[in-house]
Amino acid sequence: MTRESIDPGAVLARVGRPGDGAVAFFAGVVRNENEGRAVSGMEYEGYDEMAREELAAIVAEAAERAGGGRIAAVHRLGSLAVGEVSVAIAVSAPHRAEAFDAARYIIEQIKKRLPVWKREHYLDRDAEWLEGHLPVVEAERG
Amino acid sequence: MAVRADRDRPVDITVLLFAAHRELAGGRADTVVTLPERATVDVLLAELRARGGEWASLPSRAAVAVNRRYASGDTVLYEGDEVALIPPVAGG
């Protein structure tokens, strides 16, 4: 979790081992429109301490799926302009299937359970909290 | 096990609020709820909804985190727990 601008190159540089033949990278970027309204920017709020722990748990789960691949995942908080990176995920693994699978797993879990909210700002100066996903509480998740 | 009412001591729980939930509390970042001893997450949610007004719109199965982990409705709350009401999440 960071309030600084995300540098995709720096995230990519944190993965990769001599035995890894595949690197998958995903970036989430602030769009300039949503449901027909022109967007001027996005404000991300997070429950910082919990989000940090939950992101680490998601990455650990993904690492298990990727058979010990290397993973770097960063989520931005604060005010972002259109075009800025809100989330970046890099996974290296021996083969592409595990790398793609782990990167996909991380972004889907972020959307389901990371305690982060976004308020969209529109060009007409109005702002709204976006509808989100109700986290499903699984008793077995420790 | 029967619990004698005269031994019960109310517990003050500070509930952290985020995003749209802050609007329920007039912009405040937390709200204090007094609950009976050994109250659960479900009891907390019922208590908040019973405040009426905007609070009545809180879903009965809203997500709650206890000590920074999602907690099921039957989780018992203790004094000093870090309790947070988690609105539907929208990261990414």
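Modeller: Happy to! Chain B brings 17 residues into contact with 27 residues of chain A (contact means that C-beta atoms, placed from the backbone, lie within 7 Å). This is a predicted model, so local features need pLDDT of at least 70 and side-chain atom pairs count only at pLDDT 80 or more, while totals for chains, interfaces and linings use all residues. Residues are numbered from 1 along each chain as its sequence is written, and chains are lettered from A and ligands numbered from 1 in the order in which they are written.

On the side of chain B that touches chain A, the elements giving two or more residues are S3, S4 and strand S5 (83–86) (strands are DSSP runs of E with at least two residues, helices runs of H or I with at least four, numbered from the N terminus). By class, this side of chain B has 13 nonpolar, 3 polar and 1 charged residues (Ala, Val, Leu, Ile, Met, Phe, Trp, Tyr, Cys and Pro count as nonpolar, Asp, Glu, Lys and Arg as charged, and the others, Gly among them, as polar).

Now for the sheet. In chain B, 5 strands make an open sheet with mixed pairing, in the order S2-S1-S5-S3-S4 (two strands pair if DSSP finds at least two bridges between them). The edges are taken by S2 (30–35) and S4 (69–71) of chain B; each has a single partner strand, so one side of each is left without a neighbour in the sheet. From one strand to the next, the twist averages 40 degrees (axes are lines fitted to C-alpha atoms, for helices over the stretch in contact, and angles run from 0 to 180 degrees between N-to-C directions).

Helix H1 of chain B, residues 41–49, lies across S1, S2, S3 (63–66) and S4 of chain B. The direction of H1(B) is at about 110 degrees to S2(B).

Note on methods: Two residues are in contact if their C-beta atoms, placed from the backbone, lie within 7 Å.
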